[in-house]
Amino acid sequence: MNTATAAALHTAQRRILTVLVAAQILSGAGLAAGITVGALLAEDMLDTTGLSGLPSALFTAGSAAAAAVIGRTSQNRGRRTGLAAGYAVGALGALGVVVAATIDNVTLLFIALIIYGSGTATNLQARYSGADLATPGHRARALSTVLVATTLGAVVGPNLVTPLGTLARSWNIPPLAGPFLLAAVAYGAAAVVLWTLLRPDPLLTARTLDDPDTPRPGHSPAAPSSSGDNRRLVLLGAAVMVLVQLVMVAIMTMTPIHMQHHGHSVGAAGAVIAVHIASMYLPSPLSGFLVDRYGRMPIAGASGLTLLAAGLVAAFAPPQSVVLLAIALGLLGLGWSLGLVSGTAIITDNTSLVTRAKIQGLVDVTIALAGAGGGLASGMIVATGSYTLLSLVGGLLAVILLPLLVLATRTNSTSPSGGHQPAAPSTSP
């Protein structure tokens, strides 16, 4: 690759990251709505705690279906089309939640939450776009740049629960539906930003550079080759992300309920969730640096240990202590960040460009299903046991990562960054 081409790619990558960052800032606010008040809204409408984890299960199940569609659409038509469509559908779902809460229709609420899950799937899928044009040694940092951009909207969103509730009440809308009004606007704006500005398309550009004869958008190769895919390491990367998602969603979902049952306000719960979401996304640059510097496997192992610490602190924190609960949720978010970045890097390293987006979408399906299972099980565990039991089980599940990583390290000759790394365009992030 000549110097002029490399410089052009560097400029394109910087523009792509700038657009993705702008869209993620917007979408972060939409993402936070369901996390903060979804369980509370369900408990209010269903009048039971046992099913309060159902909203998390529904919108993560919806994100599973959306992840597969977004991945396939991105593979065929590029990241711009896949991501913009995903956010637009998420905005429609958020509006549906508002309508369902207003007319007190539980069936419509469940359907709308599934559709709303498309925004969650898109928010996660966007991270892959940041790595499409990055060199292997900078992939983790590139994708972490996209992840950290979610922080601003995601932290601001939960802290707007009270004023948005007041606004909703003035419009004769249940206060707990207020954050979903913000989600509809935020997801819709993110869709517009990506559709109008994500040019050149990162995945299509990378494929063209890798193979100038790559078919035009909308025309898949007749027989895509997967010879560059290391399926065993793809499965390992998926396992890392599935476990961290399962543990994170389960504990996170029930924390607002746990706090409300012990006399804390919705605003206090929102503040704790804000700390949690900040810890999920704000450390992303650090996670990316560590993964690129020390390798995928060691940092994936560190994520398991961090999640174990989060579970222990949450389990034994006095219910009256907002500070200790915030620390527990902060550790929970950090463990998730380390696991997501390392797992994503493993997946990207070990897939070829002709199959990458489709495989990434399918991997995110399993991640979303794990989140759905965690959200649904969390309410049942708390209803039949306790929040302490839920936190302990979550922490112990995270430790499963360690033997998986040790086995992978012993049975596979990997590079320092965790495995096979297909050729990539020579440009820095």
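I take buried to mean under 20% relative accessible area, exposed over 50% and partly exposed in between (1.4 Å probe, protein chains only).

**Basis.** The model is predicted, so I note that local features need pLDDT of at least 70 and side-chain atom pairs count only at pLDDT 80 or more, while totals for chains, interfaces and linings use all residues. Residues are numbered from 1 along each chain as its sequence is written, and side-chain values use heavy atoms, with hydrogens and water left out.

**Salt bridges.** I counted a side-chain nitrogen of Lys or Arg within 4 Å of a carboxyl oxygen of Asp or Glu; this rule gives six salt bridges.

I looked up Asp-349 and Arg-139, whose closest N and O atoms are 3.0 Å apart in a salt bridge. Asp-349 belongs to helix α14 (residues 322-349) and Arg-139 to helix α5, so the pair ties together parts 210 residues apart in sequence. Both residues are buried. Salt bridges with shared partners join Arg-139, Arg-141, Asp-292, Arg-296 and Asp-349 into one network. I took helices as DSSP runs (H or I, at least four residues), numbered from the N terminus.

I then looked up Arg-127 and Asp-364, which form a salt bridge with closest N and O atoms 3.2 Å apart. This pair links helix α4 to helix α15 (residues 356-384), 237 residues apart. Arg-127 and Asp-364 are both buried.

Arg-79 and Asp-132 also meet in a salt bridge, at 2.8 Å from N to O. Arg-79 lies in helix α3 (residues 79-103) and Asp-132 in the loop between α4 and α5, so the pair ties together parts 53 residues apart in sequence. Arg-79 and Asp-132 are buried.

Methods
Helix = DSSP H or I, 4+ residues; strand = E, 2+ residues; numbered from the N terminus.
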